[in-house]
Amino acid sequence: MGKPNLSKGEMEIARVLWEIGPAAVRAVHEATCQQRDIDFSTVQTYLRRLEAKGYATSTLQGRIRIYAAKEKPQAVIRDTVNDLVTRLFGGNAMPLVRHLIEEQSIDADDISELKQLVSQLEETRNDSPEDRETRS
């Protein structure tokens with residue numbers, strides 16, 4: 001079993017840590033306030049929760065506690081999406097993909113990128129072991 005899931009607020013603070021790097025509570029608070037009004041003590045609480053859940057670490061530099069992300073964004077995103085797919089769709093990702101395509105605004109550039117991803121997936125799925133060896 002993995003780490004506990006992050007709440008919306010915890011995820012917001014984790015994103016700030018990923019963006020600005022190791023920082024004191026005050027710097028995280030200032031960066032978060034650029035997006036929305038939030039109390040200093042709330043940011044501090046979220047940082048403590050991130051550390052308790054294993055998503056951040058902290059060290060003392062003099063009297064100031066510096067927090068740093070412990071997990072890379074891709075790992076947290078992967079775990080969060082996997083949990084969502086499992087809870088909502090019984091582990092089947094296709095209903096989520098269908099929902100995102102049908103319900104979100106997908107422009108021509110997005111469609112082009114999606115086609116390219118599908119083509120790449122088809123190429124890797126259709127490769128025989130011999131084909132992969134000759135490219136190595």
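**Strands**

I looked up Ala23 and found that its bridge partner in S3 is Tyr67. This is a predicted model, in which local features need pLDDT of at least 70 and side-chain atom pairs count only at pLDDT 80 or more, while totals for chains, interfaces and linings use all residues. I number residues from 1 along each chain as its sequence is written, and side-chain values use heavy atoms, with hydrogens and water left out.

I took helices (H or I, at least four residues) and strands (E, at least two) as DSSP runs, numbered from the N terminus. I count two strands as paired if DSSP finds at least two bridges between them. Strand S1 (residues 23–24) pairs with strand S3 (residues 64–69) over two bridges, in the antiparallel sense. Strand S2 (residues 56–61) also runs antiparallel to S3, and six bridges join them. I noted that Thr59 has Ile66 as its bridge partner in S3. The hairpin of S2 and S3 has two residues between the strands, and Gly62 takes a positive phi near 70° there.

**Arg48**

I placed Arg48 in helix H3 (residues 40–52). For exposure I used relative accessible area: buried is under 20%, exposed is over 50%, and partly exposed is in between (1.4 Å probe, protein chains only). Arg48 is partly exposed because its relative accessibility is 47%. I also checked Arg48 against Ser58, ten residues apart along the chain, and their C-alpha atoms are separated by 8.9 Å.

**Surface patches**

I built patches from residues with over 30% relative accessible area and no salt bridge, joining like charges within 9 Å and nonpolar side chains (Val, Leu, Ile, Met, Phe, Trp, Tyr) within 5 Å. A salt bridge here is a side-chain nitrogen of Lys or Arg within 4 Å of a carboxyl oxygen of Asp or Glu. Accessible areas come from the Shrake-Rupley method with a 1.4 Å probe; for residues, only the protein chains shown count as cover.

I found a nonpolar surface patch of about 610 Å², made by Met94, Val97, Ile101, Ile106, Ile111, Leu114, Leu117 and Val118. Helix H5 (94–103) and H6 are the elements that give two or more residues to this patch. H6 supplies the largest share, four residues. I looked at Ile101, which lies in helix H5; Ile101 counts as partly exposed because its relative accessibility is 39%.

I also found a patch of negative charge on the surface, where Asp107, Asp109, Asp110 and Glu113 gather. Asp and Glu count as negative and Lys and Arg as positive, with His and the chain ends not counted. I took the place of a charge as NZ of Lys, CZ of Arg, CG of Asp or CD of Glu. Glu113 sits in helix H6 (residues 108–126), and Glu113 is partly exposed, with a relative accessible area of 48%.
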